[in-house]
Amino acid sequence: MLASNTSSQTLKQGWVFKKGGSGFLSHWRLKYVVLSETSAGEAKLLVYDQVDQSRPPKHEIWLHGASIDVLTGSKTSGSKKGSAPFVVADRKRKFYFAAQTRGDRDDWLAILKPNPSSHITASDPRRATINGRSASRQSGRNGSPTMRRSNSVRYRSYSRQRDSDDTISVRSFETSISGADMMDNSDAVSVYSVASSRALGSTLEDGGSSIASSRVDTLSFCSEPVLTPQELTLMGNSHASSESYRNEEIFNFRHAFRRRRAPMPKAEVFAQPCTETQPWNERYQAILSGRCTNEEGALRQDIALQDLIGQFRESAQQVARKMVDDYHLASTSCEGKRAPLSRPMSAGSSAETLSMDGSISQIHFGQTGEVVQNGIIFRFACDYDETSTEQLQETHRQISSELLAVNALTRASFTGHSAPHLHTVLMVLVDYKGFRVVAYADMGDREDARAIAVHNLMRDPPRTDEKASERLTSVANGLGLKSHVVKIGEERRVACALARDVEVHFHPTSKLFYASNLHKILPPDHNPALDHAVAGPLSKVLRPEFLSLHNAALSCDAFTPASGATRREREANDAEVARAVKSLREVHVPAFVARLDALDVRVVDSRGLIGEMHSAGLNVRYLGHIARLSTLPYIRSLACNEMAARAFKSLFQTRIRSAIVHFKSVGATSIDEEMRTYAVGMFSGVLGGGEKSRRFFEERLRLEVLNKFDYQLSWTVFEELHKPALFLAMQSHCGVAFEDTNEYDFSLDNPIPRSKFVRFIPRVKQPNGLSQLVAANSPTPEDERLAYHLARQFKSLGPQSKLARSDASSAALAQVSAHYNATQRFEEARLYAQAAISAATRNSCLAGLAMGLLIDALAAAGSSHIKPTVDDEQKVLEIYEKAVAITLWHCGADHPVVMGLHDRIAGVFERGGKFAKALEYYSRSLKVAEKALGKNHLVTAGYLVKLGSLYHAINNPTESIKVFTEAQHLYQGLHAATPLVAYMHHHFAQPLAERGDLDAAIAHAQRAKRMFEKAFGQADPRTVEACRQVAKFVLMPYVRYEGVLTPVIRSAYKEAVACYEKVFRFVKSARSGACEGSKSLIASAAPDDGAVPINPSPPLLGTSSYPAPISGPLITPTTRHPLPQHPRSLLHSLTRQIISLKLRLVDSPQHREIVRTLRAQNRDKVLSAGEARGVVLRLAAVSPSVYLDNVMGRIEEGDGSAIDELGVVLMLTEGEVVGRDP
């Protein structure tokens, strides 16, 4: 039962924390609680998610017989710092609340408890507020609320009643005159910011006028906000440090969002507190070694890992950048292939002071020439002065494989937390100006406390250890790798779980086993029958994701002499890997392309495509296969763009690196301007429109694409690529930033002005940690899953970089916004959409996508409160036009993202009833779909169904039937899924009936009904709506018919009765709460505002790539229409229709005569509510059809009371008022 303004009086209302279930993210969440009293004097608490009370409350707590107590001791664990918990226990369960301050709790207890607790005494000046007035209900002058004052600094929530249904929340700030009270409440201050609301027309007046504001909750992980509202507002500001905003006493910004001040809950073993002086490796291994007994512990462990990796990344990036920037200043390099010096210094010495944002004072050099700084060891990947280009590329490839293997080994060793563990050292790779710097944590064993090598099969005699072998075998089983025998020397044979090259070291101080030299533990991506004349195949390895999908264990030493001790074993191991590679190329790659073409995998740009490829177990080298196999023009364009950008990266890095090495050899000191000139010249040489660009392509770029991807990229195809998309991809891969604008003319020979160059950017590859909740079908609630992935994303960036502009961050924020839009929490959706816009590159389509989400949030939020005005519509259109302009620049006109933006603005007009405008924008989407996806695509057919529905809405049945017919042919040719075809038939029937072709309309409606029943079952709102449509159409020819019932008419009446009976049973079950599954289906399939049904969001794929930031499909399914809401009188009207049809089907002359007699008697008869109640209850217990058959049977048996019941039924179903005396 819902509270109404006419039957209850509000006594107190305000924001209170409420403890949810046992979920790790639902500990304490802010709720709006209303205490009201009914006219009968019964009090109840109503718990809402937001201030808006137009929707049903989440909880309704009747306080009669309830107990209210203060929580103390261990029961308060997990509550917000400074909050004041209390519990309300009714007859069914306990509800845990926490006021934001102790004084606020005293106010609630004073009015909730008959006998106030000891916290409130008779002399206490603090009193409970009721609707912004004091408990005595005294008001100030002119009816304004009287604001009480107390001797404490705190914010209080007040409200002023504007009218019967519009209560505006008010904040007033109370100054302090008591220092003791201030200290008592300093930690409990709940900070709010204030903003006026134009929508509600509130103004700040003298005395007691209100300031309307909007409060939303930001996503939190373990009671700690992932991003505070201030940080969301400052997103994209690379100079803003998040730490500097957390401790401000008061802040003000647009839309006034609440700031949380909650500490992290009690840490588990892995999250041991550590000081900044504690070595990186010790901190890393301590977190990894922590035992997690449940999912919550595993999630916290991974977030702690990401936090540490993010800090390590920032520290390593600074030093590596300085090393490369100063590389040309060193006159010689150290001897040795793997550890060249950046400066010729002896071990233990230190370089001059380095100024790097004030964080680095000196660089220290180790004994072998590596740089040692802040507990991190830095090494160049190779000796760049001496190494050839081919050797350099091979070395880079091996180091990348090493990091990939480290991630795989860590996950295999620590997922599930079953001992024994095999550790690896924390490391990151920094690519900058063509150089690669390997940074890893110093283990502290570089002098006299070195780790002991306990496993090494490369020496003769081999060194093995039982404990090390046990750990290697455990990792191999987790990765799906096959143990094999290695021949050492002439006689000795040793079992090998991983690659022969792997070494294991035991650290005596920490008692941990470390694995190293891991770049060969993944099987080679090689098949001799398919790879003809391919040099160095063993450097290309299979991805761990593919190994998890493959159903057979593989040897990682395949195609090497170490693959087996005998020739037969080697041939068997080699054949197994060759079969796996063949399956990858002939089964997995085509299956992935089929998902791309069906838009089951939705990619926005080339970086998103790579992320999806990795999650499917495909390496980047298969981009050429995707370009050849895909039937979608936009997918082929994305693949070609990515291949061209990656090929250019190799050429660009070689050119920049060679220039720096040259400047070093000639003793140059200042090379910044030359580097700028080289970068701008090479970018212009590729992107320009003249003969220079074609010559560069033919001579260098085309061959690089062929060598890397085995794909023949022609000049014609390259010339047709959308150059802005290629430009952005090249910047991302090369680590170069140009001015973030769309003022580039790629038709010029030199489209990139030198003044547009900004800087070189380090690109960091880092460990992935122990990611959880990757599957979108995880049972974890979507809010919690998104909070975890959002925390993972921003923790991995580091504390100083989390607010910097990043497309990956924008994608993650947009994903959250899309989820909030889908769940109709539009204030939160707007907050995260605005943050996503700020985080994205300004000329990136991700900014356009985020603007599309903002359109949804603004339009839906506006329509839920007040009717949108012309100004509101104009603002939405301005955002739409800006989003389209950005997306057109980045992606071009023929891209699904443009189609999605058209859909969003069309949906705004459709929900507003402006069907002609909606038709205009959906027509634009159809044109894009035909070009980007082709005319024979399911999405194209879906747009035809949408246009057919809109043509019907604007009373154009001829055009509607035309496009429906075309959509029907497409669905038949494409063998579309049953639900899609059912929707088409359901909507196709409407214009046919309007034009008068009832036979065809009935046929389509009946097909839709059968298909919905097959796809969703009978207890589904879509099936129910199809039943109503069938009943309506079969009865349409006989609305005014009073003649004899022919067999055709009788059949139509019976079909209508059967359909109405199904509708009656469904509505009765849904209204009584007996069918919870149906209720949830209604909520998901037919939201009030026509929102897209809620689908799980695709998982985030890490910091190096991202998925499409949309909850559900990138393109809104145009065939999915919301069902109309069932009115209260639906059961009554269904009963009337069923009884009326059943009476027309009565065959017995006796029964027909009884009915005529009863109707004549009922003209002057008055039906009391008491007489009607019994009949209504019996009707509701079964169904009208079954009940009437029972009454007629009793009349046949001579039961006189049955005739009286039939008379009551006639009065109920044929009268105007039911259950009341006239």
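The following legends describe close-up views of a predicted model.

Local features are reported for pLDDT of at least 70 and side-chain atom pairs only at pLDDT 80 or more, while totals for chains, interfaces and linings use all residues. Residues are numbered from 1 along each chain as its sequence is written, and side-chain values use heavy atoms, with hydrogens and water left out.

**View A. Phe648 and Phe652 form a tilted aromatic pair.** The structure holds 33 aromatic pairs; rings of Phe, Tyr and Trp (its six-membered ring) pair if their centres lie within 6.5 Å, and planes under 30 degrees apart count as stacked, over 60 as edge-to-face and the rest as tilted. For Phe648 and Phe652, the centres are 5.7 Å apart and the planes make 35 degrees. The two residues are four apart in helix H13 (residues 633–666), and are therefore separated by about one helical turn. Helices (H or I, at least four residues) and strands (E, at least two) are DSSP runs, numbered from the N terminus. Phe648 is buried at a relative accessible area of 0%, and Phe652 is buried at 1%; buried means under 20% relative accessible area, exposed over 50% and partly exposed in between (1.4 Å probe, protein chains only). Ring pairs link both residues into a cluster whose members include Phe683, Phe727 and Tyr744.

**View B. Tyr1038 and Tyr1053 form an edge-to-face aromatic pair.** The ring centres are 6.4 Å apart, with 90 degrees between the planes. Tyr1038 lies in the loop between helix H29 (1021–1035) and helix H30 (1047–1072), and Tyr1053 lies in helix H30, so the pair ties together parts that are 15 residues apart in sequence. Both Tyr1038 and Tyr1053 are buried.

**View C. Charged side chains sit over the rings of Phe909 and Phe1016.** Lys917 lies over the face of Phe909, at 5.6 Å from the ring centre. The charged end of Arg1022 is placed 3.6 Å from the centre of the Phe1016 ring. The criterion is NZ of Lys or CZ of Arg within 6 Å of the ring centre and within 35 degrees of the ring normal.

**View D. Three strands form an open antiparallel sheet in the order E19-E22-E23.** Two strands pair if DSSP finds at least two bridges between them. Strand E19 (452–456) and strand E23 (512–516) are the edge strands, each pairing on one side only. The twist from one strand to the next averages 30 degrees. Strand E22 (residues 503–507) is joined to E23 by five bridges, and Phe506 has Phe513 in E23 as its bridge partner. Helix H8 (residues 466–479) packs on the sheet and touches E19, E22 and E23, its direction making about 60 degrees with that of E19. Axes are lines fitted to C-alpha atoms, for helices over the stretch in contact, and angles run from 0 to 180 degrees between N-to-C directions; contact means heavy atoms within 4.5 Å.

**View E. Arg792 makes a polar contact with Asp302 through their side chains.** Arg792 belongs to helix H18 (residues 782–795) and is buried, with a relative accessible area of 11%. The polar contact spans 2.5 Å; the term denotes a pair of N or O atoms within 3.5 Å, where within protein one must be able to donate a hydrogen and the other to accept it, and residues adjacent in sequence count only if both atoms are side-chain atoms. Leaving aside neighbours within four places in sequence, the residues in contact with Arg792 include Ile303, Gln306 and Asn768.
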